Amino acid sequence: MAVANFTLPALPYAYDALEPYISGQIMQIHHSKHHQTYVNNLNAATANHVKALQGNDVRAQINLQQAIKFNGGGHINHSLFWANLAPANTSQAKPESAEKLTEAISAKYGSYDGFKDEFMGVLLGLQGSGWGWLVKDKKTEQLDIVTTKDQDPVVGDLAPILGIDMWEHAYYLQYFNDKASYVNGIWNIINWETAEGRFLGRSGTLEL
Ligand SMILES: [Fe+2]
């Protein structure tokens, strides 16, 4: 059985490219330290899991489940997050880049602003560490806003369209306890082209 080797994906923009909404210092630490740690720990856990499978060691397999869930989720979620951000001065950062998705958003939430208000309410209401997501149900095609705790990823019938990291490490060095300013600012740097691709199920937009 081959042992998986996950790697840190390169960012498609410079660390300071999302300023002033997310500082270069936050991006550098978040990507090169936090995400790298999830990747390293996921590689260690999956390698040990392979050994446990080969040895038919069910106790060891069970013992590794939390590490795989936490670090695998951390790797998936951050990979999605980097790709659904873009510098504010690019065409990707304009909602007009997501024609079909914004149509569906208006149909569901009344307007783009109505959607933003609802999403921000959910993000700011999240307790502890976790993520806020715009998702599409693959069976019903319906949009929804959901949260996941810690590093739990969106799984099953739900496809992630947009993910927002609500861990303190995502904003604290710049915004301190002012979570609302982080959440307000992030609308300027959403990569709507990526979001449209995920909404339409375009290949290459949803790695992992
Ligand atoms: Fe994070």
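## A tour from the sheet to the loops

Select residues 130-137, strand β1, together with β2: the two pair in the antiparallel sense over seven bridges. A strand here is a DSSP run of E with at least two residues, a helix is a run of H or I with at least four, and both are numbered from the N terminus. Two strands count as paired if DSSP finds at least two bridges between them.

Before going on, note that this is a predicted model, in which local features need pLDDT of at least 70 and side-chain atom pairs count only at pLDDT 80 or more, while totals for chains, interfaces and linings use all residues. Residues are numbered from 1 along each chain as its sequence is written.

**The sheet**

Which residue is its bridge partner in β2? The partner is valine 146.

**Residues 6-86**

Next, select residues 6-86, where UniProt, in an unreviewed entry, places the feature "domain: Manganese/iron superoxide dismutase N-terminal". UniProt positions follow the numbering used here, feature names are shortened, and annotations may be inferred rather than shown by experiment. This stretch is 70% helix and 0% strand, with its end C-alpha atoms 24 Å apart.

**Backbone details**

Most residues other than glycine have a negative phi, and most peptide bonds are trans.

Zoom to proline 20, in the segment before α1 (24-54). The peptide bond from glutamate 19 to proline 20 is cis, with omega near 10 degrees.

Move to asparagine 56, in the loop between α1 and α2. Its phi is positive, near 50 degrees. Is asparagine 56 buried or exposed? Asparagine 56 counts as exposed because it has 8 C-beta neighbours inside 10 Å; the cut-offs are 20 or more other C-beta atoms within 10 Å for buried, 12 or fewer for exposed, and partly exposed in between, with C-beta atoms placed from the backbone.

End at phenylalanine 176, in the loop between α5 (172-175) and α6 (179-185). Phenylalanine 176 has a positive phi near 50 degrees and, with 11 C-beta neighbours inside 10 Å, counts as exposed.
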